[in-house]
Amino acid sequence: MQLLLIGFGTVGQGLAELLIEKEGTLRDEHGLEVQVVGIADMLKGSIYDAGGIDLKAALKAAKADKKLTELKGGFDGDALAMIKQANADMMVEATYTDIKTGEPATSHIKAAFEKGMHVTTTNKGPLALFYPELAKLAEEKGVKFYFEGTVMSGTPVLNLIRETLAGCHISEVKGILNGTTNYMLSQMEEGAAYDDVLKTAQELGYAEAVPDADVLGWDALAKVTILANTVFGVNAKPDDFPCKGITEITPDAIADAKSRGKRFKLIGKVWRDGDSVKGSVGTEEVDLTHPLAGVMGATNAMTISTDILGDVTIVGAGAGRAETGYSALIDIIRAGGKR
Ligand code: HSE
């Protein structure tokens, strides 16, 4: 399988490292030889080599803040130009999320579909804003459109709902969907200051490029919208749901809640209300005895309410380099591997 990597930040590099580390597993267990033929990044520059890129050299250059364009196969054009010119089986779209416009990721995805490429994306913008249109285009072009990493990073919640819980009627999904704010609330409970923990969350690769998206709840709102659209089959937009982040939560409020046997969590949920589907994002004081109260750090959790099994809860990584890179690997194996 020949891949194009669009975006070579935390997620793209996390995936590249996994492709090197898991080369044997991919070949021996999934019959999959993966070759990256192009990398395009707005800041780091681009390379294209139909014979395959040296991923170790690309990672080394990215870490040393050297332009990829200086390597063998340096490509003098933007991501869209590369997608239009390249021959590849699948595109990994891992550019930064712009939740207001969904761009440039949406244009990248449409261009890849036009070229007959499968797509996996970790970018929440296109899914939250244009899912029905993109899914229809993928179907028309006969290609796969996967997006496991958009909700709970590599913790395979979308696959769980779509494939493993097939046949269940889902009445509600609810949980901790943003790693940055859960990490911040956890650290603030230990006495750390808001600005310091936000900075650490950025250094650890949890936060969005513009961290307002995390602390104001927009990232969780994008995930709520994605769940509404992909699990509940509606055509919702982020503005359809109320959203409030963690900016008003102070260390005193956290301590006060704890003294009353409660813990603040930023909760995103989608539920059926008669014939309509509702969603929301906001902080809730969760009882310390509730399963979600014990989910700390960048870990995420989601409870899926079903008709047959009752509640199913999945807890796992919600952000991070290898964790989100892995979500793309799941989708690559799903698109091209023998499972
Ligand atoms: N900024 C996001 C988070 C990254 O903290 O959860 C994963 O979507």
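Which residue has a side-chain N or O atom 2.7 Å from a nitrogen atom of the ligand? In this predicted model, that residue is Glu208. Residues are numbered from 1 along each chain as its sequence is written. Because the model is predicted, local features were required to have pLDDT of at least 70 and side-chain atom pairs were counted only at pLDDT 80 or more, while totals for chains, interfaces and linings use all residues; side-chain values use heavy atoms, with hydrogens and water left out.

A polar side-chain atom of Thr180 is 2.6 Å from a ligand oxygen atom, and a polar backbone atom of Tyr206 is 2.7 Å from a ligand nitrogen atom.

The protein chain is divided into domain 1 (2–154 + 321–336) and domain 2 (165–317), with bounds taken from an automatic or database domain assignment. Their C-alpha centres are 27 Å apart. Contact (heavy atoms within 4.5 Å) links 17 residues of domain 1 with 23 residues of domain 2. About 1,600 Å² is buried between the two domains, 70% of it on carbon and sulfur atoms; buried area is the accessible area (1.4 Å probe) that two parts lose on being put together, summed over both. Of the area that domain 1 buries against domain 2, 38% is supplied by Lys124, Val151 and Met152, more than by any other three residues.

Two salt bridges (a side-chain nitrogen of Lys or Arg within 4 Å of a carboxyl oxygen of Asp or Glu) are counted between the domains. Helix α6 (residues 124–141) contributes six residues to the side of domain 1 that touches domain 2, the largest share; helices are DSSP runs (H or I, at least four residues), numbered from the N terminus.

The structure holds 20 salt bridges in total. In one of these, Glu133 pairs with Lys110, the closest N and O atoms being 2.9 Å apart. Glu133 lies in helix α6 and Lys110 in helix α5 (residues 105–114), so this pair ties together parts that are 23 residues apart in sequence.

Definitions and conventions: Helices (H or I, at least four residues) and strands (E, at least two) are DSSP runs, numbered from the N terminus. A polar contact is a pair of N or O atoms within 3.5 Å; within protein, one must be able to donate a hydrogen and the other to accept it, and residues adjacent in sequence count only if both atoms are side-chain atoms.
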